[in-house]
Amino acid sequence: MASFSIINVSKGYGPKKLFEDVNVSFSAGKRYGLTGPNGAGKTTFMKILAADEEQDTGDIIRPKKVGILRQNHFQFEETRVLDVVMMGNRGLWAAMKEKNALLEKAELTDADGHRLGDLETIIAEEDGYVAESDAAALLMGLGIEESFHEEPLKSLTGGLKLRTLLAQALFGKPEGLLLDEPTNHLDLDSIRWLETFLHEYEGVLITISHDRHFLNSICTHIADIDYETIITYTGNYDDMVRQKAQVRSRIEDENSEKQKKISQLQDFVARFAAGTRASQVQSRKNQLDKLKTEDLKRSNIARPFIKFEQKAPSGRQTLTIEKISKAWEGQTIIPPFSALITRGEKICVVGKNGVGKSTLVRMIAGALPPDGGTLEWGHNANISYMPQDHHGIIKKGTTVYGYLRDLDSKLGNEEISGLLGRMLFSGEERMKPTDTLSGGETVRTLLCQLMMRKDNVLILDEPTNHLDLESIASLAEGLQKYEGTVIIVTHDQQLLSEVGTRIWAPRRGKEVIDFVGTFEDFLVKHADVAAQHR
């Protein structure tokens, strides 16, 4: 069976090494999660595997047929959705195109006839005569209704376009699959379908995901980028975390011993460099050359510290909702919905894409007026809202430090710097221009803002987008310990399980389910509604 073999591969940018002299193989029938914090080099390594980027040194041996999730939907805007999927099997697609071109000729030569025979063989071997039905099944599994299959890709929303590209990567029985964040823009129903598909997949899978539950569900191995190399662990993500503690302890003990030896050698050279022990001094210098301090491998693990506090608690009855509703273009999205929220509740809003989750929380946050009904906040309720779309929230033309400084001029320099340090903006990174922030840096900056404000109600719409696994774990811990009230929209099942004390489940046009209890209890109680989450 086909596999990926990585032989003495190194990659860096300027003085920064991402990984060096990596030797690792990824075998057929196994499913690997590629992990490491933001900036560790996960996406770069995936691009090297996909032959989209060159390594500095070393060689890569790849399977002949590799399915790759590329987020380049702009290339296919005018292409029929079914055709976009079938393009995932390049050999089949090329044969089908060539066959159609030959059949459009007014007259066929003998050579054309022979070529048609060859093409028919290729198409048959690649299951080309059931290609459209196979592509349709993939699309349906990922939640793209049949009515869209004949339409051009541009007719789909951004999230559905990315699902189509995922179907393209999965199509044609590839021997290898490279999936970078495949659960982005997938609702829980589609994630469950994808997990089932990948469990049945017989080739070699390598995936990057910030969804811990997804990694725990599908992975047989974890390939972790750390210490400038890739260390492979057997088991899922949680298994890797336990094993990594032992590896980290061993490597850092080795580093400590090496550092101690370097100090001893340096001390000897300094004491006797001008004396009569020249040969011994030279010997120590030679040893030092072999033990350079920059050769000590350091872990790149960095976990932010997220702690939400309140200036003052809200009243016992935090929010009273009376029959708020919303419709778009004559279609009811949220029918009249009423609820009483009390201080300290952690409400998780769940459901398929398009059912009205963001619509509901936007109305509660005051970002969208309801068509009817009322919202009455209780005594001393102070609200912070973090929308799903971050565009335009952070002012351009300043720095991360300057942005937070402008929000509250009463805060001292040390307090702002400390807050930024907790969110992994260290040293010069605090002065990073806001115009150049990555997605992850933008979210971390907005979380700094929430921690600064110290409000007693947090409304968060998909806050885990762009965060790495370490940051998501820290966010979950921060929300668990927060004494205020939380309303959060998320597809992250680990976060749902660890934080939620109450579940709201909008169902586009139907009554919103309001369940008091954990996410696991919700799945049991509402099995008919929640079957897609299991």
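Where is the place of Thr 318? Thr 318 sits in strand β10, residues 317-328. The model is predicted: local features need pLDDT of at least 70, side-chain atom pairs count only at pLDDT 80 or more, and totals for chains, interfaces and linings use all residues. Residues are numbered from 1 along each chain as its sequence is written, and side-chain values use heavy atoms, with hydrogens and water left out. Helices (H or I, at least four residues) and strands (E, at least two) are DSSP runs, numbered from the N terminus.

- Thr 318 is buried, at 0% relative accessibility. Buried means under 20% relative accessible area, exposed over 50%, and partly exposed in between (1.4 Å probe, protein chains only).
- The side chains of Thr 318 and Ser 314 make a polar contact at 3.3 Å. A polar contact is a pair of N or O atoms within 3.5 Å; within protein, one must be able to donate a hydrogen and the other to accept it, and residues adjacent in sequence count only if both atoms are side-chain atoms.
- Neighbours within four places in sequence aside, Thr 318 is in contact with residues including Ile 341, Thr 342, Arg 343, Trp 377 and Val 457. Contact means heavy atoms within 4.5 Å.
- Arg 316 lies in the loop between α10 (278-290) and β10. Arg 316 is exposed, with a relative accessible area of 54%.
- Beyond neighbours within four places in sequence, Arg 316 is in contact with Ile 341, Thr 342 and Arg 343.
- Arg 316 and Gly 344 are 28 residues apart along the chain, and 8.7 Å separates their C-alpha atoms.

**Asn 236**

- Asn 236 belongs to the loop between β9 (229-234) and α9 (237-272). Asn 236 counts as buried, at 18% relative accessibility.
- A polar atom of the Asn 236 side chain lies 3.4 Å from the backbone oxygen of Asn 216.
- Leaving aside neighbours within four places in sequence, Asn 236 is in contact with Leu 215, Asn 216, Cys 219 and Ile 222.

**Helix α11**

- Helix α11 spans residues 357-365, and its buried residues are Lys 357, Thr 359, Leu 360, Val 361, Met 363 and Ile 364.

**Cysteines**

- The disulfide count is 0, where a disulfide is a pair of cysteine sulfur atoms within 2.5 Å.
- Cys 348 is buried at 1% relative accessible area. Cys 448 is buried at 0%.

**Cavities**

- There are 2 cavities of 30 Å³ or more. On a 1 Å grid over the protein atoms alone, a cavity is a set of points where a 1.4 Å probe fits but cannot get out; lining residues have an atom within 4 Å of a point.
- The largest cavity holds about 70 Å³ of space. Its lining includes Leu 69, Arg 70, Gln 71, Glu 181 and His 185.
- That lining has 6 nonpolar, 3 polar and 3 charged residues. Ala, Val, Leu, Ile, Met, Phe, Trp, Tyr, Cys and Pro count as nonpolar, Asp, Glu, Lys and Arg as charged, and the others, Gly among them, as polar.
- The second largest cavity holds about 60 Å³ of space. Among the residues lining the second largest cavity are His 210, Arg 212, Ile 472, Asp 492 and Glu 498.
- Helices α15 (469-481) and α16 (493-499) are the elements that give two or more residues to the lining of the second largest cavity. The largest share, 4 residues, comes from α15.

Notes: 1 Å grid on protein atoms, 1.4 Å probe; cavity = no way out; pocket = protein on both sides within 12 Å on 5 of 7 lines; lining within 4 Å. Points joined across faces, edges and corners; volume = space filled by probe spheres on them.
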